[in-house]
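Thanks for coming. I will keep this short and go through one model, from the overall counts down to single residues.

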Amino acid sequence: MVGPNVLHRAEYNTNNHFLYHAPNAFGGQEEQEENEKDEEAERHLRSRRSRRRPALRDLQGRPAELQNKEAVPDALRMTFADWLRKANVTADHASPQHEHWYFRLIGCGYMDPDGSCDDGSTEALFDELPFFQPRHQNNALYLGDPDEQIGIHCRFGMKGVIAENHYDPSRNAIAVLMGQRRYILSHPQQCAHLALLPPGHDSARHSAVDYTNPDLVRYPEFAHATANEVVLQAGQVLYLPTNWFHYIVSLELNYQCNTRSGESDHYWPPIQACGFD
């Protein structure tokens with residue numbers, strides 16, 4: 001299904017921390033168009049941004065910075081076989097300070113019927129995972145709103161890979177199909193305790209706290225955060241409601257597939273109270 005020579009999305013880091021990072025993802029249409037101009041216009045745009053936008057600050061008024069600045073991975077494309085050769089290592093080569101690799105397959109589905117949501121999209125995922133296919137509401141066990149499904153994402157994790165704590169503004173059904181993943185889950189009401197990077201930040205929606213070594217001097221509110229923990233094994237499915245926080249650790253070589261479908265309204269108020277909409 002992945003094809004021996006097809007390049008898919010992958011990420012690499014020199015340690016085991018992986019944080020979503022999208023420079024300029026929150027700029028307006030004008031900024032995006034100007035970014036496509038020549039180098040001189042781009043320099044002018046950066047200068048204009050710096051003049052009009054003050055330094056971003058989090059909910060507690062601190063400069064919006066990461067505790068672990070090495071959490072941002074490099075994005076690349078590679079074949080599944082190349083990823084597996086790098087990720088399937090012995091325990092002594094999977095320590096936190098060794099290089100780690102992450103791999104993704106994406107089926108666009110309703111999100112983009114021509115498959116153009118991702119270069120090399122894998123629409124066969126809808127055949128391989130029929131329980132994630134959009135169907136009539138009465139038959140959609142894993143989809144809250146089938147018409148709002150935004151594709152299937154399959155994520156392959158090397159042992160030790162950490163996806164930093166964050167929330168997604170949609171319902172999410174997550175099926176682990178091989179290996180084990182540890183999830184630390186927090187209710188949206190915990191928002192104020194999680195030191196979120198604010199709107200406008202390249203990693204907005206994510207916690208600035210390094211869960212493996214939280215700095216309680218810098219983030220004292222984190223000491224009051226509460227959470228639930230679950231270890232998902234192959235064959236198990238987790239339903240993650242709209243805006244619930246999740247921090248994920250790959251306990252061994254594993255993969256999961258998930259699909260999102262619409263959103264519910266009742267978990268938005270605490271997120272909005274933290275400055276998000």
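Predicted model: local features only at pLDDT ≥ 70, side-chain atom pairs only at ≥ 80, totals over all residues.

Residues are numbered from 1 along each chain as its sequence is written, and side-chain values use heavy atoms, with hydrogens and water left out.

The protein has five helices and 12 strands; these are DSSP runs, H or I of at least four residues for helices and E of at least two for strands, numbered from the N terminus. Of the 277 residues, 47% are buried. Buried here means under 20% relative accessible area, exposed means over 50%, and partly exposed is in between, with a 1.4 Å probe and protein chains only. Taking contacts with a separation of 6 or more, 81% are between residues 24 or more positions apart, where contact means heavy atoms within 4.5 Å. The protein exposes about 14100 Å², and carbon and sulfur atoms supply 49% of that; the areas come from the Shrake-Rupley method with a 1.4 Å probe, and for residues only the protein chains shown count as cover.

Now the disulfides. With a disulfide taken as a pair of cysteine sulfur atoms within 2.5 Å, the count comes to three. Counting bonded cysteines along the chain, the pattern is 1-2, 3-5, 4-6.

Cys 108 and Cys 117 form one of them, with sulfur atoms 2.1 Å apart. The torsion about the S-S bond of Cys 108 and Cys 117 is about -90°, so this disulfide is left-handed. Cys 108 is buried at 0% relative accessibility, whereas Cys 117 is partly exposed at 22%.

Cys 154 pairs with Cys 257, sulfur to sulfur 2.0 Å, and this link is right-handed, with 105° about the S-S bond. Cys 154 is in strand β5 (149–157) and Cys 257 in strand β12 (254–261), so the pair ties together parts 103 residues apart in sequence. Cys 154 and Cys 257 are both buried.

Cys 191 is joined to Cys 274, S to S 2.2 Å. Cys 191 sits in the loop between β8 and β9 and Cys 274 in the segment after α5, so this pair ties together parts 83 residues apart in sequence. Both of these cysteines are buried.

Next, the cores. A nonpolar core is a set of buried Ala, Val, Leu, Ile, Met, Phe, Trp, Tyr and Cys residues joined through side-chain atoms within 4.5 Å. The largest has 25 residues, of which Leu 196, Tyr 211, Phe 245, Ile 271 and Phe 276 touch the most other members. Strands β6 (162–167) and β11 (245–250) and helix α5 (268–273) each supply at least two residues of this core, and the largest share, three residues, comes from β11. Apart from this core lies another, of 23 residues, with Ala 10, Phe 18, Ile 152 and Ala 173 among them.

What does Leu 196 touch, beyond residues up to four places away in sequence? The list is Asp 58, Tyr 167, Cys 191, Arg 205, His 206, Ser 207, Phe 245 and Phe 276.

The structure holds 10, each a side-chain nitrogen of Lys or Arg within 4 Å of a carboxyl oxygen of Asp or Glu. Asp 58 pairs with Arg 62, the closest N and O atoms being 2.9 Å apart, and both residues are buried. Arg 205 pairs with Asp 168 at 3.0 Å. This pair links distant parts of the chain, 37 residues apart: Arg 205 in the loop between β8 (180–186) and β9 (228–233), Asp 168 in the loop between β6 and β7. Arg 205 and Asp 168 are buried too.

Finally, two single residues. Arg 171 is in the loop between β6 and β7 (172–178) and is buried at 17%. Its side chain reaches the backbone oxygen of Ser 261 at 3.0 Å. Thr 79, in the loop between β3 (74–78) and α3, is buried at 9%. The side chain of Thr 79 reaches the backbone nitrogen of Asp 82 at 3.1 Å.

Definitions and conventions
Polar contact = N/O pair within 3.5 Å; in protein donor to acceptor, adjacent residues only side chain to side chain.
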